[in-house]
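I opened the notebook to look up charged side-chain pairs. The entries follow the order in which I checked them.

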Amino acid sequence: MTPTWNRRTVLGTAAALASASALAATGSTPAAAAEASATIRVTTYNMLSTEYDDHYPGITWQTRRNAFASMVRHPDNDPDILAIQEGHERPQVDDLTTLLGRCYEHFTVTEDVSPRAIIWKAAKFDRLDAGTVELFDPSVEGYLHQRFGTWVRLEHLGTGQQLMVLNVHLPSGASEERHEIRYHAAQAMAEQVQQWSAGYGDIPVILLGDFNSYYNTVIGGYESGPKLLTSLGLPEAYAAAPADTRLNPDYETYLDLNAAKAKPGVDGTRRLDYVHTYPTDRVEVLSWRLLINFREGSDTDLRTPVPSDHHPTSVTLRLSWT
């Protein structure tokens, strides 16, 4: 898939990476010129595709679209960067970006992939370049919605420094085949993230999305993608966050949409949606929060219309460039 460039891009990716690597070797990267840091909030949120409207009579996108946008803009969420999944129906994604208004800009790919869009606050970031990257080995056939991740390279306007964001959605299912695909995709993501960071002078990279695997799951001898990523040097935000900053850790990130109820999940064990960061000396996790819109007086029942079949996962990060 061909990357999309905006007016600020002067060099192609290969040339820019080569230039950045040369600067890093001489110690003359832009980041070396001055120390800088920034605190940002990022959210990953599966929006539930309109493809499934027929599966949930009375809970179509048209009935929940305003609730979804309100959940994004809610003061307890209000992300600086938002990654959405199940965006393979383009009109639904376009509807969301319109609902969010001019305070957000976005990169939306033309191909019908699930992690179709990355959205950010226009006042805080400017896009330098963006595109898609294949996550699966060519020997893996199908999975067209999930085999590509969406990425952007942003300039943080308050510091003039750079960061990258990779949004993914891995295949669901408990079969050994699906789990092995997720495992090898995690290997590919770790390698890609490390290359990007090093190529641009050790800039922070945020990897987030719907990984469709519980952290401690082992199938066919393969550990989960999120656990593998952690072992490869991309810590997962729930584990990295101070324990007293975790909100709603005893719930699953996936919910019962028909019954409008949150599902239990003790000690963060029932997560499908993750945020990973790299490198560890450039990113500190300040908080992890699963945002649940409970009905007043209940710790299970949700306000209706329920925005999606996932709760948004929100993480506060401190980024540093030295």
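I counted a salt bridge where a side-chain nitrogen of Lys or Arg lies within 4 Å of a carboxyl oxygen of Asp or Glu. The model is predicted. My search of the whole structure gave 12 salt bridges.

Entry, D95 and R65. I found a salt bridge between these two side chains, with 2.7 Å from N to O. D95 sits in helix α3 (residues 90–100) and R65 in helix α2 (residues 61–73), so I noted a link between distant parts of the chain, 30 residues apart. I looked up burial for the pair: both D95 and R65 are buried.

Entry, D129 and R153. Here the closest N and O atoms of the salt bridge are 3.1 Å apart. I placed D129 in strand β6 (residues 125–134) and R153 in strand β7 (residues 148–156), so this pair ties together parts 24 residues apart in sequence. D129 is buried, and R153 is buried as well.

Entry, R147 and E134. Their side chains meet in a salt bridge at 2.7 Å, N to O. I located R147 in the loop between β6 and β7 and E134 in strand β6; the pair links distant parts of the chain, 13 residues apart. Which of these side chains is buried, and which is partly exposed? R147 has a relative accessible area of 6%, so I list R147 as buried. E134 has 37% relative accessibility, so I list E134 as partly exposed.

Entry, shared partners. I traced one network in which salt bridges with shared partners join D78, D80, K121 and K124.

Key
Residues are numbered from 1 along each chain as its sequence is written. This is a predicted model: local features need pLDDT of at least 70, side-chain atom pairs count only at pLDDT 80 or more; totals for chains, interfaces and linings use all residues. Side-chain values use heavy atoms; hydrogens and water are left out. Helices (H or I, at least four residues) and strands (E, at least two) are DSSP runs, numbered from the N terminus. Buried means under 20% relative accessible area, exposed over 50%, partly exposed in between (1.4 Å probe, protein chains only).
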